[in-house]
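Dear colleague,

Please find below the structure that I am handing over to you. My findings follow directly after it.

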Amino acid sequence: MANLKAIRDRIQSVKNTRKITEAMRLVAAAKVRRAQQQVLATRPFADRLAQVLYRLSTRLKYEDVCLPLLQQRVVKNVAIVVVSGDRGLCGAYNTNVIRRAEQRAQELQEQGLSYEYILIGRKAVQYFSRRNQPIAAKFTNLSQVPTLKEAETLEDEITSAFLADRFDRVELIYTRFLSLISSRPVIQTVLPIERQGLEPKDDEVFRLLSKEAKFTLEREKQEIIVREPPAEMIFEQDPLDILNALLPLYLENQILRSLQEASASELASRMTAMSNASDNAKGLIKVLTLQYNKARQAAITQEILEVVGGASALK
């Protein structure tokens, strides 16, 4: 009977765990939807900003443009901005981005360059702090769905360090959102800003849908149409001053989009991990239930045999 009680307790424990993992899966799915809505809400501003910058860069392409954020230097010290999560239970999300950051640091060392980390997320801070790595700044407790204020704070820190000649190049390592079951750490150079990076490109937005009680993902391409500025266009201000004022906004927008991609990747990884945990718990419950039924049947059979044996002894 003690064996039966232990199996019953374990079945109940697994059921409780499955309820928790299923709830976490649904919460992550809801937050992925919020991330999608945020991307859609910020898209008009991002598209218009890209158009304005492209027109300005086209207008100035034959002129000598010398702006601090566009200045190309001899690279000696590189800032590696690592975007991770504050929490676990999201599969290999944090492990993958941390491993990619370590690989990049090793590559820079082999090139004879020094580096420092700017860490975003508690998991990256804990990992690199324990290994006595050079850390320039730490940011934790960011919103699960990134905000413009957070991107502005990061942009101020990065830009200030770059303009103070502390870093000659700033590289951002974050996880690009590919699908609900796939994401990939990528490296993006954010400073100095490359002029060719201002050219319009086809963008994508992810849409999380529910079909037959299951979550599916669709990616929709968004084409940014940018027209050449009219030859007779007259700027009320110096185009160089306008470009200098808009470049920080462009950098801030790039950081925000990277945070959104990383957040969507983390939430999708958590949703997938919790879904797998729920499925595993369901399978374990079936196995334990079968064991319980077998043990219960064996106990009943044993009791019947003992009753029959006792009756036979009385005869």
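Predicted model: local features only at pLDDT ≥ 70, side-chain atom pairs only at ≥ 80, totals over all residues.

Which residues of helix α3 are buried? In this helix, which spans residues 122-130, they are Ala124, Val125 and Phe128. These residues lie on the same side of α3, because the arc they cover around the axis is only 100°. Just after α3, asparagine 132 adopts a positive phi of about 55°.

As for the chain as a whole, the protein contains five helices and seven strands. Along the sequence, their order is α-β-α-β-α-β-α-β-β-β-β-α. Of the 315 residues in the protein chain, 41% are buried. Among the contacts in the protein chain with a separation of 6 or more, 74% are between residues 24 or more positions apart.

Strand β2 (residues 114-120) pairs with β1 in the parallel sense, over seven bridges. Within this pairing, serine 114 of β2 stands opposite asparagine 77. Together with helix α2 (residues 93-110), β1 and β2 form a right-handed β-α-β unit.

The aromatic residues deserve a separate paragraph. How many aromatic pairs are there? The count comes to three. In one of them, the ring centres of tyrosine 127 and phenylalanine 128 are 5.2 Å apart and the planes stand at 85°, so this pair is edge-to-face; an angle over 60 degrees is what that term requires. Ring pairs join Tyr115, Tyr117, Tyr127 and Phe128 into a cluster.

Tyrosine 127, with a relative accessible area of 22%, is partly exposed.

Charged side chains also meet aromatic rings in this model. Arginine 131 lies over the face of tyrosine 127, at 3.6 Å from the ring centre. The ring of tyrosine 127 therefore takes part both in the edge-to-face pair with phenylalanine 128 and in this arrangement with arginine 131.

Finally, I would draw your attention to valine 186. Where is this residue placed? Valine 186 belongs to strand β5, which runs over residues 182-191. Its relative accessible area is 10%, so valine 186 is buried. Leaving aside residues up to four places away in sequence, valine 186 touches Leu172, Ile173, Tyr174 and Arg176. The C-alpha atoms of valine 186 and alanine 101 are separated by 9.6 Å, although these residues are 85 residues apart along the chain.

With kind regards

Terms used: Residues numbered from 1 in each chain as written. Heavy atoms only, no water. Phe/Tyr/Trp six-rings, centres within 6.5 Å; stacked < 30°, edge-to-face > 60°. Buried < 20%, exposed > 50% of the residue type's maximum accessible area, 1.4 Å probe, protein only. Lys NZ or Arg CZ within 6 Å of the ring centre and 35° of its normal. Pairing = 2+ DSSP bridges. Helix = DSSP H or I, 4+ residues; strand = E, 2+ residues; numbered from the N terminus. Right-handed = clockwise from strand over helix to strand, strands pointing away. Arc of directions from axis to C-beta. Contact = heavy atoms within 4.5 Å.
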